[in-house]
Amino acid sequence: MQTNPLGHNVDLAERAYRIRRNALLMGEVQGQGYIGQALDIADVLATAYFHAMSYRPEDPEWEGRDRFLLSNGHYAIALYAALIEAGIVPEEELETYGSDGSRLPMSGMAAYTPGMEMSGGSLGLGLSIGVGMCLGLKRKGSSSRVYTLFSDGELDEGSVWEAIMSAAHWKLDNLIGIIDVNNQQADGPSTQVMAFEPLVDKLEAFGWFVQRVDGNDIEAVRAAFDAARDHAEPKPRMIVCDTRMGRGVPFLEAREKNHFIRVDEHEWQMALEALEAGRTA
Amino acid sequence: MTSTSTTNVDTKEGASPKPRLKTSAMIASIASEGQRTKPAPFGHALAELAESRPEIVGMTADLGKYTDLHVFAKAHPDRYYQMGMAEQLLMGAAAGMAHEGFVPFATTYAVFASRRAYDFIHQTIAEENLNVKLACALPGLTSGYGPSHQAAEDLALFRAMPNMTVLDPCDALDTEQMVPAMVAHQGPVYMRLLRGHVPLVLDEYGYRFELGKAKMLRDGTDVLVISSGIMTMRALEVAKSLEADKVDVAVLHVPTIKPLDAETILREAARTGRMVVVAENHSVIGGLGEAIAGLLLRSGVAPKFRHIGLPDEFLLAGALPTLHDRYGISAEAVSASIKGWL
């Protein structure tokens with residue numbers, strides 16, 4: 001099944017480290033950004049791009065690719081970091097992040113970036129698009145899968161539940177949803193903004209095959225992706241990933257208000273060093 | 001709100017007969033009595049076109065029966081997607097289908113597309129210029145159901161959306177000819193859908209729909225009515241009736257609201273001695289009238305200009321003929337307005 005052209009000579013933990021590093025370097029360009037989210041989701045992105053998905057870096061629109069939908073467009077910095085690591089976006093463009101004329105705008109948009117399958121920004125769109133893509137792929141007899149990443153905050157949007165209900169109705173076994181549960185949204189902890197637990201029970205009741213894992217335990221994430229792919233029932237699949245904002249950089253992880261992080265100039269080097277320390281630890 | 005023109009009297013109740021609305025008039029019939037009609041022109045045209053275009057799929061949000069998509073569904077059941085009463089999902093899923101190379105026709109009511117799912121159309125469809133075709137029923141004031149179902153603002157909203165082509169057909173012929181034109185066009189299209197038994201009038205005028213083109217249906221020296229949608233049908237009636245008063249009315253039909261056929265509109269509006277009246281089945285804010293007013297002003301063309309449209313208020317429920325009279329878009333009301341302005 002694995003047709004990842006980059007092979008497996010570099011382990012997933014190292015990929016996740018490099019994705020985090022790319023994100024920090026991009027954040028430094030602007031002095032701020034959704035760094036907490038990029039750090040928390042890096043293990044999931046590493047697993048998606050270097051274990052689970054089929055794609056061709058030189059041909060991002062290759063018909064046989066698995067699709068990756070970034071519903072939470074503000075996580076763009078994280079996805080760019082992965083796309084750079086995957087060789088879909090050239091590494092030199094990293095320093096253009098968020099600048100005028102860049103292909104890497106602050107919020108993810110399909111028209112700008114190779115490998116970006118949808119325009120996010122407005123929340124709760126991704127899973128609906130995923131439903132349509134999966135229906136379309138089935139019409140074409142394609143075996144490609146659609147991975148859709150969205151955040152726990154997006155569970156507040158009714159459209160997400162419309163899509164959840166619909167995917168089960170249409171038995172979309174080619175749809176793999178990934179929820180980043182970092183319990184942090186614009187106005188505070190997600191569970192306080194709008195209670196969404198018990199999430200697994202709800203999703204199972206809606207007819208999905210559901211797994212809940214520590215989203216920063218890369219082996220657990222890898223096993224969940226495998227189980228999602230190999231599950232036999234004709235159901236859509238959801239991987240609920242509990243993650244920690246700022247993961248990999250302890251002093252950012254400890255920040256209370258970390259939905260949108262401002263990092264002082266001197267802190268970027270500290271962050272990179274902290275990340276490096278964790279890598280070798 | 002009581003009706004005069006469609007009241008019937010229930011004599012079974014004896015001494016105190018109660019006036020009642022005819023349901024058909026209240027809900028949606030835009031055909032006047034005795035008018036020639038065609039059934040489900042959109043549904044039949046789409047089903048036929050789909051024979052040779054396997055990339056066409058039909059999607060709806062629990063309104064297949066009420067958007068004539070059931071005709072397509074019956075002809076091509078494997079290409080019909082019932083998405084449930086969920087307009088946001090409908091638009092997102094249509095975008096997903098278009099991403100995979102299909103040409104989805106997504107149907108719902110105009111109110112739900114324009115008001116409820118606007119952001120989804122904006123972000124998932126229009127921003128990426130995807131090939132999604134929206135066919136949305138009950139445009140403007142074509143339902144007596146009240147503001148929940150009256151789409152008086154749809155043209156304003158979709159005109160303002162970049163990449164969106166906006167169509168407002170007059171009758172069954174216009175509607176069926178729009179379907180292949182929508183598919184031939186690359187990009188999203190919003191069509192105001194006339195459904196059910198749809199009046200047929202334009203065949204008498206040798207009419208052929210061309211996307212982006214306004215069509216002179218009849219010439220006249222005193223008044224130029226520029227209209228879209230069902231108001232073209234009314235304008236043609238008005239032109240006939242005003243002949244008796246020696247008023248010579250020209251009718252320019254503008255089925256493509258966006259992009260506007262500026263060349264034809266300017267050429268016709270610049271002809272001296274004619275009062276220009278824009279008539280539309282839409283709020284006077286943001287529709288065809290303001291589009292043309294802006295065009296004329298920017299181009300330095302300044303005829304005597306009048307505008308007929310729905311008022312900037314929440315419209316009443318009731319029987320359509322009554323409402324059309326009340327809000328000035330019935331043939332009689334348009335005729336009276338024009339006479340008053342001459």
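Helices (H or I, at least four residues) and strands (E, at least two) are DSSP runs, numbered from the N terminus. The model is predicted: local features need pLDDT of at least 70 and side-chain atom pairs pLDDT 80 or more, whereas totals for chains, interfaces and linings use all residues. Residues are numbered from 1 along each chain as its sequence is written, and side-chain values use heavy atoms, without hydrogens and water.

Next, select E267(A), W268(A), A271(A), L272(A), A274(A) and L275(A), the buried residues of helix 10 (265–280). They lie on the same side of the helix because they cover an arc of only 160° around its axis, taken from the directions from the axis to the C-beta atoms. Their packing partners in chain A include helix 1 (12–30) and helix 2 (35–52), contact being heavy atoms within 4.5 Å.

Turn now to the salt bridges (a side-chain nitrogen of Lys or Arg within 4 Å of a carboxyl oxygen of Asp or Glu). In chain A, E14(A), R15(A), R18(A), E85(A), E276(A) and R279(A) are linked in a network of them.

Move to chain B and select R192(B) and D168(B), whose closest N and O atoms are 3.2 Å apart in a salt bridge. R192(B) is in strand 9 (189–193), and D168(B) is in the loop between strand 8 (165–167) and helix 8 (172–184), 24 residues apart. Both R192(B) and D168(B) are buried.

Note on methods
Chains are lettered from A and ligands numbered from 1 in the order in which they are written. Buried means under 20% relative accessible area, exposed over 50%, partly exposed in between (1.4 Å probe, protein chains only).
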